Amino acid sequence: MPFDDTASARAQARGAGRGSDTRQVILDTAERMFVEKGYSGVTLRDLTAAAGVNLASVNYHFGSKDALLLEVFRRGSVAINRERLKLLQEAEAASGARPADVRAVLRALFAPPLRATLTADGTGNEGRSIYMQFVARAVLDGPQQMREMIERDVGHLQRFVEALALSLPHLERTELLWRFHFAMGALHAMYTNMRRLDALSGGSVGVGDVEAVLDRLVEFCAAGLEAGPAAPGQAADNHRHA
């Protein structure tokens with residue numbers, strides 16, 4: 001019987017499709033379980049049972065629990081950072097020959113993770129909302145390699161620092177980096193510690209309109225970035241006289 005190349009190709013394609021589906025199921029299940037139970041609270045036995053796969057599938061696609069965790073992070077960060085860059089490019093194109101507006105740069109930086117964190121409306125953002133919870137949990141509970149990766153994952157942020165440097169020529173590089181660091185801290189608080197706001201307000205301050213929250217965050221951080229440079233020793237003098 002002659003060998004059927006077409007039939008063989010179809011069989012290989014079906015196998016590849018099933019493998020891709022299995023990989024996706026494992027990633028989605030791991031992301032959800034790591035959020036719910038923490039890294040140390042999830043065993044591979046728990047994960048395979050929840051995902052409906054065998055241990056061999058996890059080992060085949062990822063090799064280890066640590067490698068699986070890193071891939072969950074990589075998958076989510078790639079999607080969010082791709083969207084960030086797209087928004088930044090649009091802001092720069094809209095500004096023409098001038099540097100992009102500070103608020104437009106901040107909006108490009110903040111909008112993708114903030115919308116992913118605060119929006120879970122069944123339109124595709126729900127899964128990414130889980131991802132941002134995963135990042136927050138991984139910082140606290142993940143293995144050392146995971147925490148180091150998150151802390152050092154700054155390559156995409158350099159692009160935003162350079163855009164802000166053009167928009168804020170009055171700031172020295174060191175001052176700009178400090179202010180950028182503070183702005184990122186404000187963003188991170190939105191998906192790591194929203195319960196504090198709820199406690200401080202007695203539950204009266206809710207997220208409500210996500211875009212309104214984004215506007216507040218952008219305005220707050222823009223004010224800090226655009227402020228004039230502090231005079232040498234000014235901060236220390238203010239502290240002594242407070």
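## Burial and overall make-up

Of the 242 residues in the protein, 36% are buried in this predicted model. The protein has twelve helices and zero strands. Read from the N terminus, its elements therefore run α-α-α-α-α-α-α-α-α-α-α-α.

Contacts across the sequence can be sorted by how far apart the partners lie along the chain. Among contacts between residues at least 6 apart in sequence, 74% join residues at least 24 apart.

## Confidence in the model

The average pLDDT of the protein is 81, and 80% of the residues reach a score of at least 70. Residues 1–17 have a pLDDT below 50, and this stretch makes one contact in the model beyond near neighbours in sequence.

Where pLDDT is low, the predicted coordinates should not be read in detail.

Helix 2 covers residues 44–51. Its buried residues are Leu-47, Thr-48 and Ala-51. These residues lie on the same side of helix 2, because they cover an arc of only 95° around the axis. On the other side of helix 2, Arg-45 and Ala-49 are exposed.

Thr-48 belongs to helix 2. Thr-48 has a relative accessible area of 10%, so it counts as buried, the cut-off being under 20%. Leaving aside residues up to four places away in sequence, Thr-48 touches Val-53, Asn-54, Leu-55 and Val-58. After helix 2 comes Gly-52, which has a positive phi, near 70°.

## How helix 5 packs on helix 8

Helix 5 spans residues 102–118 and helix 8 spans residues 155–167. The two pack at an angle of about 170°, and their axes are 9 Å apart. Because of that angle, helix 5 is roughly antiparallel to helix 8, a description used for angles over 145 degrees.

From helix 5, the residues in this contact are Val-102, Val-105, Ala-108 and Leu-109. They meet Leu-157, Phe-160, Ala-163, Leu-164 and Ser-167 in helix 8. By type, the residues of the contact of helix 5 with helix 8 comprise eight nonpolar, one polar and no charged.

Terms used: Residues are numbered from 1 along each chain as its sequence is written. This is a predicted model: local features need pLDDT of at least 70, side-chain atom pairs count only at pLDDT 80 or more; totals for chains, interfaces and linings use all residues. Side-chain values use heavy atoms; hydrogens and water are left out. pLDDT is the predictor's confidence in each residue, from 0 to 100. Contact means heavy atoms within 4.5 Å. Axes are lines fitted to C-alpha atoms, for helices over the stretch in contact, and angles run from 0 to 180 degrees between N-to-C directions. Helices (H or I, at least four residues) and strands (E, at least two) are DSSP runs, numbered from the N terminus. Angles under 35 degrees count as roughly parallel, over 145 as roughly antiparallel, 65 to 115 as roughly perpendicular and the rest as oblique. Ala, Val, Leu, Ile, Met, Phe, Trp, Tyr, Cys and Pro count as nonpolar, Asp, Glu, Lys and Arg as charged, and the others, Gly among them, as polar. Buried means under 20% relative accessible area, exposed over 50%, partly exposed in between (1.4 Å probe, protein chains only). The arc is that of the directions from the helix axis to the C-beta atoms.
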